[in-house]
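Dear colleague,

Please find below the structure that I am handing over to you.

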Amino acid sequence: MIAAVRAAWFADRKRPAVWTVGTTWLLLALAFGIGVPYLVHLALAGDPKEAESAESLLAAVLPGQLVPTGIGLFPLFGGAILVILGALVVGNEYRWGTWNLVFTQRPRRVQVMLGQAVVLCGLTLLVAVLTFAALAVATGSLAAAEGRAADWPSAGRLLAAVAAAWLICTAHAAVGWFLAIAFRGATTAIAVGLVWTLVLENAVSALALALSPLTVVQKVLLAPSSGALAGALGARSQFDGGTPGVLESASAVLPVVVLLGYVLVMFGAGSWLAARRDVG
């Protein structure tokens, strides 16, 4: 198992696509989480009628709002990027024919796939940590530039946000990972994963507003569960002018259970499928 993890890490850290996707996400997080709200603040700051709105936008990009601003980016924007990442780490192996060689040698297929899953969890943790680190640097810099106090969140609250972001990232990446194995390639897996998370689940969430029976279905979907977890940590709901994808939630328990279920089921099903069928 250790050898499988080492091999997977060696392969993944050499993939330009992995680092390209990760860097793209960091830039998007900084742009949409900090850059756009701050630019709008600057545009409104000169209008006395918009003083309250300008101040609200500035407050959202200062250290005191690091947790809700950061975690609110993951349910919709981050989730889509992580589906792509999960599909890429195993999907390209089918295109290159690597699995034909790997599966004819030791270790066993299940160990190989679980090694891939462990490394993918490490990559999603890296994404979550680097995202909050980049946002912290940006918000701290803005606080200094604007002459505002840096009212940082407590260490416990920040760790909870990073852990929640890691869980959201891992659940989405696991879906992309499973789909890449199911379709034996990254391209179809990415297309299906994005349609699933961005179109179908959002359509169900919209219909749930009018059809109450769908609210039960909504609670076990990936994107709404991610949004509910972000909402439970203080991110403002999309229906209250907050980030798209965030939903109001009084408790994080159910979203955490659902997202953990996605992680376990997707990694388990993908490993089983890869072990049971032919490679070609």
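The notes that follow set out what was found, topic by topic.

This is a predicted model, in which local features need pLDDT of at least 70 and side-chain atom pairs count only at pLDDT 80 or more, while totals for chains, interfaces and linings use all residues. Residues are numbered from 1 along each chain as its sequence is written, and side-chain values use heavy atoms, with hydrogens and water left out.

Helix 8 and the residue after it

Helices are DSSP runs (H or I, at least four residues), numbered from the N terminus. Helix 8 covers residues 155-183, 29 residues in total, and reaches 42 Å from its first C-alpha to its last. That is close to the expected 42 Å, the expected span being 1.5 Å times one less than the number of residues. Most residues other than glycine have a negative phi. Arginine 184, although not a glycine, has a positive phi of about 55 degrees. Its relative accessible area of 33% makes arginine 184 partly exposed (buried means under 20%, exposed over 50% and partly exposed in between, with a 1.4 Å probe and protein chains only).

The salt bridge

The structure holds one salt bridge, defined as a side-chain nitrogen of Lys or Arg within 4 Å of a carboxyl oxygen of Asp or Glu. The partners are arginine 148 and glutamate 55, with their closest N and O atoms 2.8 Å apart. This pair links distant parts of the chain, 93 residues apart: arginine 148 is in the loop between helix 7 (109-146) and helix 8, and glutamate 55 is in helix 3 (residues 51-60). Arginine 148 is partly exposed at 33% relative accessible area, and glutamate 55 is partly exposed at 37%.

Covered residues

In helix 11 (residues 222-232), ten of the eleven residues are buried. Among them are Pro224, Gly227 and Leu229. Leucine 222, also in helix 11, counts as buried at 0% relative accessibility. Just after helix 11, glycine 234 takes a positive phi of about 110 degrees. Elsewhere, asparagine 92 has its place in helix 5 (residues 74-96) and is buried, with a relative accessible area of 11%. The C-alpha atoms of asparagine 92 and alanine 180 are separated by 8.5 Å, although the two are 88 residues apart along the chain.

A nonpolar surface patch

Leu28, Phe32, Val36 and Val40 form a nonpolar patch on the surface, with about 310 Å² of accessible area together. Such a patch joins nonpolar side chains (Val, Leu, Ile, Met, Phe, Trp, Tyr) within 5 Å, from residues with over 30% relative accessible area and no salt bridge; areas come from the Shrake-Rupley method with a 1.4 Å probe. Valine 40 lies in helix 2 (residues 16-45) and counts as partly exposed at 37% relative accessibility.

The largest pocket

The largest pocket has a volume of about 550 Å³. A pocket is an open set of points on a 1 Å grid where a 1.4 Å probe fits, with protein on both sides within 12 Å along at least five of seven lines; lining residues have an atom within 4 Å of a point. Of the 22 lining residues, the closest to the centre are Ala60, Arg236, Gly241, Gly242 and Thr243. Helix 3 gives the largest share of the lining, five residues.

Definitions and conventions: Helix = DSSP H or I, 4+ residues; strand = E, 2+ residues; numbered from the N terminus. Patch = residues over 30% accessible without salt bridge, like charges linked within 9 Å, V, L, I, M, F, W, Y side chains within 5 Å. Points joined across faces, edges and corners; volume = space filled by probe spheres on them.
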